[in-house]
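Reader: Could you take me through the sheet and the helix packing here, and tell me what stands behind each word you use?

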Amino acid sequence: MSRCGHVALAGRPNVGKSTLMNHLLGVKLSITSRKPQTTRHALIGILNREDAQVIFVDTPGIHVPRRALNRYMVGQAVGSLTGVDLAVMLIEASGWQAGDDVVLDRIAKADVPCLCAINKIDRLRAKDRLLPLIDDIRHRHDFEAIVPVSALRNAALDVLATEIIERLPEGPPLYGDDALTDRPLEFLIGEIVREKAMRRLGAELPHQTAVTVEDITRKPGCADVHAVIYVERASQKRIAIGKGGTMLKSIGEDARKDIEALLAEKAMLRLWVKVAPHWSERAGTLTRLGYRAPPKG
């Protein structure tokens with residue numbers, strides 16, 4: 001008997017959705033950082049097993065949006081709850097937060113079966129706090145199951161995977177057994193560059209960067225990648241480039257290593273920094289940079 005279905009990973013910003021999907025897949029697909037709202041697009045990750053194919057949808061954190069970019073992100077997350085077979089709501093082991101109510105409200109409106117994964121249990125100093133939290137969660141929603149996990153430490157992820165697969169419909173796989181995602185190579189490389197830019201520039205430009213990959217030329221044993229990092233102001237461009245180009249060089253070196261791991265070959269990465277004024281607040285610029293209008297809901 002084979003099972004196959006779509007599973008949305010939902011939660012407020014920075015609860016560990018991307019880390020969870022990466023560890024369930026056994027490969028880094030979604031970018032991560034300590035900054036909230038790192039994930040901007042709904043990203044499919046495909047887990048292939050002998051008896052099942054789980055099509056995970058890693059979603060941006062659900063929050064109250066204030067800018068065009070944030071509205072896009074929330075739209076991506078909410079839209080991803082429509083038509084899935086199951087949702088996994090992530091919360092932190094530190095306790096239920098007001099932001100979790102916003103997420104649960106969206107899940108309830110989507111009327112989708114839902115598991116609750118309590119993430120970051122490795123950070124609990126007092127383990128006796130876990131049982132009261134589980135009891136509290138039980139009274140908030142009719143969850144299919146409640147599973148404490150640590151995505152970062154790979155703790156109880158096999159239990160979570162089993163709970164997920166048991167609730168998927170029977171059916172053949174929708175993708176080939178070697179498929180990992182439905183996203184093109186340009187998107188994946190652009191996300192790698194954006195992750196490295198966020199990690200290097202996080203203290204000064206936590207969310208003011210966007211990345212587009214302009215060209216990828218594959219040659220025997222090497223790929224030539226041209227990418228642009230967009231910022232909103234000229235002063236930010238100077239920061240992203242750094243004195244003598246040192247910051248841009250560091251971002252490029254960090255990104256090139258992950259790009260080579262993704263491609264399994266050498267890569268040459270050429271980076272430019274350009275200014276797109278107030279790109280995160282302008283719908284037209286967002287569309288030009290690859291942020292299509294979110295579904296309504």
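Author: What follows is a set of questions about terms, each answered from its definition.

Author: This is a predicted model, in which local features need pLDDT of at least 70 and side-chain atom pairs count only at pLDDT 80 or more, while totals for chains, interfaces and linings use all residues. Residues are numbered from 1 along each chain as its sequence is written, and side-chain values use heavy atoms, with hydrogens and water left out.

Reader: What makes S2 and S6 the edge strands?

Author: Strands are DSSP runs (E, at least two residues), as helices are (H or I, at least four), numbered from the N terminus, and two strands pair if DSSP finds at least two bridges between them. The open sheet has six strands in the order S2-S3-S1-S4-S5-S6, with mixed pairing; strand S2 (43–48) and strand S6 (146–148) each pair on one side only, and are therefore its edges.

Reader: How do you know that S1 and S3 pair?

Author: Strand S1 (residues 3–10) and strand S3 (residues 52–58) run parallel and are joined by seven bridges, whereas at least two are required. One of the bridge partners is Ile55 of S3, which faces His6 in this pairing.

Reader: Why are H1 and H5 called roughly perpendicular?

Author: Axes are lines fitted to C-alpha atoms, for helices over the stretch in contact, and angles run from 0 to 180 degrees between N-to-C directions. Helix H1 (residues 17–25) and helix H5 (residues 157–166) pack at about 90°, with axes 11 Å apart. Angles under 35 degrees count as roughly parallel, over 145 as roughly antiparallel, 65 to 115 as roughly perpendicular and the rest as oblique, so H1 and H5 are roughly perpendicular.

Reader: Which residues make that contact, and of what class are they?

Author: With contact meaning heavy atoms within 4.5 Å, Leu20, His23 and Leu24 of H1 meet Leu157, Leu160 and Ala161 of H5. Ala, Val, Leu, Ile, Met, Phe, Trp, Tyr, Cys and Pro count as nonpolar, Asp, Glu, Lys and Arg as charged, and the others, Gly among them, as polar; the contact of H1 with H5 therefore has five nonpolar, one polar and no charged residues.
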